[in-house]
Amino acid sequence: MAKWRKHPQKAIMRDEIAINPLFSRHGEDLVPRFKLSEKGLLPETAYQIVHDELTLDGNARLNLATFVGTWMEPQAQALYAEAADKNMIDKDEYPQTAAIEDRCIHILADLWNVPDTQETIGVSTTGSSEACMLGGLVMKRRWQQARRKQGLDTGHPNIVFSSAVQVVWEKFANYFEVEPRYVEVTPERPFLTAAGVLDAVDENTIGVVPVLGVTYTGVYEPVAEIAKALDDLQARTGLDIPIHVDGASGAFVAPFLQPDLVWDFRLPRVQSINTSGHKYGLVYPGLGWVIWRDKAVVPEELVFDVSYLGGHMPTFALNFSRPGAQVLLQYYNFLRLGWQGYYQIQKTCQDVAHFLAHKIAAMGMFELLTDGSDLPVFAWRLTADASDHWDLHDLSHLMRERGWQVPAYPLPAAMTEVTIMRVVVRNSFSMDLAHLFLEDFQRSVQYLQNLDGPFPHVIRPASPFHH
Ligand SMILES: Cc1ncc(COP(=O)(O)O)c(C=O)c1O
């Protein structure tokens, strides 16, 4: 039994916590943080305690490190609150939520130029990570099936991507026991190249994963060139290696900002595509999508049935229960924005990225790696002779003092000596805010330049790549 129950004085204090005025309660230590309290609290008290603690978190709108949505309009928020109780797996109980999920899949398949939207198959997920796992799993099973049919060994599958790939692919390789083959990026070509792919693949390759919008810099990997190289390889050797495009961010940007870029199902070799509804799909976290070009691609053994309107519905997912509200928010955005709306938002983000990137480059001591021409993301490094007494970590620290969260981090393997800073421009980072950002940025750089010695007390931040 908890101590306070035996102790009358403490029991009285405990009751005081349950009444207002809230901030006159005695002793925060009476609210246990790491075990259940005996009696619980009034809802107002519990709310206030959690609310107060969250004031120590960074301001999500000023978080320029994340790709994930931090703003939706009030009508979407209302819908979110109304739909918070929907479980996506209860297809029988919530048939309209299931129908709306299906519509979203068709809308995305159409946006990505699938040859026949009726033949396509896809699912919503908790994010791109789950979507990538499913895309990878299909490639592994199909490779195994094909090898078994030919009486060949299936013990050594591998998967090919660049060393700048997002951590989810390393996880996929680890969890599903596939050898990861990293094509190392270089300063001249900081992305997956067709030549690098050809060097890495063999008959045990289950698939190749170009990324539309490398997480470090926002640059698009050349999907069409890689597809062409794999077409030629097949013509020469008979090896038929599929592509899964990781479009976590780019699959919601390229259709609007670079409609002529051929990266999607227009390339017959592209078997599947994932995206994050919660990134440039403009929905709150966690929502992802994965779509295959046609049903025949997904092995039946991976599909399970759930009951639906007295019948059955096929499902393919890692989770069972998960929120349905985000799927409804995605559909809300599709209805609300249409093509023009998405275009305007992504274009505004790109304009802001270009504006800031070029202003930062004009300051003289920074060199751009990207300027927002692919994803509305830009990254820069210090020029070699910029400063001997401060670095980008110090600048990141100073920006944080004003609330801006701008990460500084090393590039991936083979380029780890290069430290860069990156800004992800998302819906709601307006030109107005961008001007304020620039003022703070210039002031911070000026401060660092004026220092006589090193900037003190910097705690090096962790890598931002969980985003
Ligand atoms: C290229 C890429 N793939 C996958 C992911 C993982 O996505 P999610 O956070 O939606 O699980 C990310 C996240 O930033 C990413 O940038």
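Helices here are DSSP runs of H or I with at least four residues, numbered from the N terminus. Keep in mind that this is a predicted model. The chain is assigned three stretches: domain 1 (3-57), domain 2 (76-334) and domain 3 (344-450). Between domain 1 and domain 2, the C-alpha centres lie 46 Å apart.

**The sheet and its helices**

- There's an open sheet of 4 strands, in the order β10-β11-β13-β12, and its pairing is antiparallel.
- At the edges sit β10 (366-371) and β12 (408-410), each of which pairs on one side only.
- On average, neighbouring strands of this sheet are turned by 35° against each other, direction ignored.
- Strands β11 (residues 377-382) and β13 (residues 419-424) run antiparallel and are joined by 4 bridges.
- Look for F378, which stands opposite V423 in β13.
- Helix α11 (residues 325-362) packs on the sheet, where it touches β10 and β11, and its direction makes about 160° with that of β10.
- Helix α12 (residues 392-401) also packs on the sheet, touching β10, β11, β12 and β13, with its direction at about 35° to that of β13.

**Around L438**

- You'll find L438 in helix α13 (residues 431-450).
- Is L438 buried or exposed? Its relative accessible area is 7%, so L438 is buried, given that the cut-off for buried is under 20%.
- Leaving aside residues up to four places away in sequence, L438 touches F355, L356, K359 and I360.
- H358 is 80 residues from L438 along the chain, yet their C-alpha atoms are separated by 11 Å.

**Helix α6 and what follows**

- Helix α6 (residues 128-149) has 22 residues, so at 1.5 Å a residue it should span 32 Å; the end C-alpha atoms are 31 Å apart, which agrees.
- Just after α6 comes G151, which takes a positive phi of about 70°.

**Cysteines**

- How many disulfides does a search of the whole structure find? The search turns up 0.
- Take C104: the closest cysteine sulfur, in C132, is 19 Å from its own sulfur, so that pair is too far for a bond.
- C104 is buried too, because its relative accessible area is 0%.
- C349 counts as buried as well, at 3% relative accessibility.

Conventions:
Residues numbered from 1 in each chain as written. Predicted model: local features only at pLDDT ≥ 70, side-chain atom pairs only at ≥ 80, totals over all residues. Heavy atoms only, no water. Helix = DSSP H or I, 4+ residues; strand = E, 2+ residues; numbered from the N terminus. Buried < 20%, exposed > 50% of the residue type's maximum accessible area, 1.4 Å probe, protein only. Contact = heavy atoms within 4.5 Å. Domains from an automatic or database assignment. Expected span 1.5 Å × (residues − 1). Pairing = 2+ DSSP bridges. Axes fitted to C-alpha atoms, helices over the stretch in contact; angles between N-to-C directions. Disulfide = S-S within 2.5 Å.
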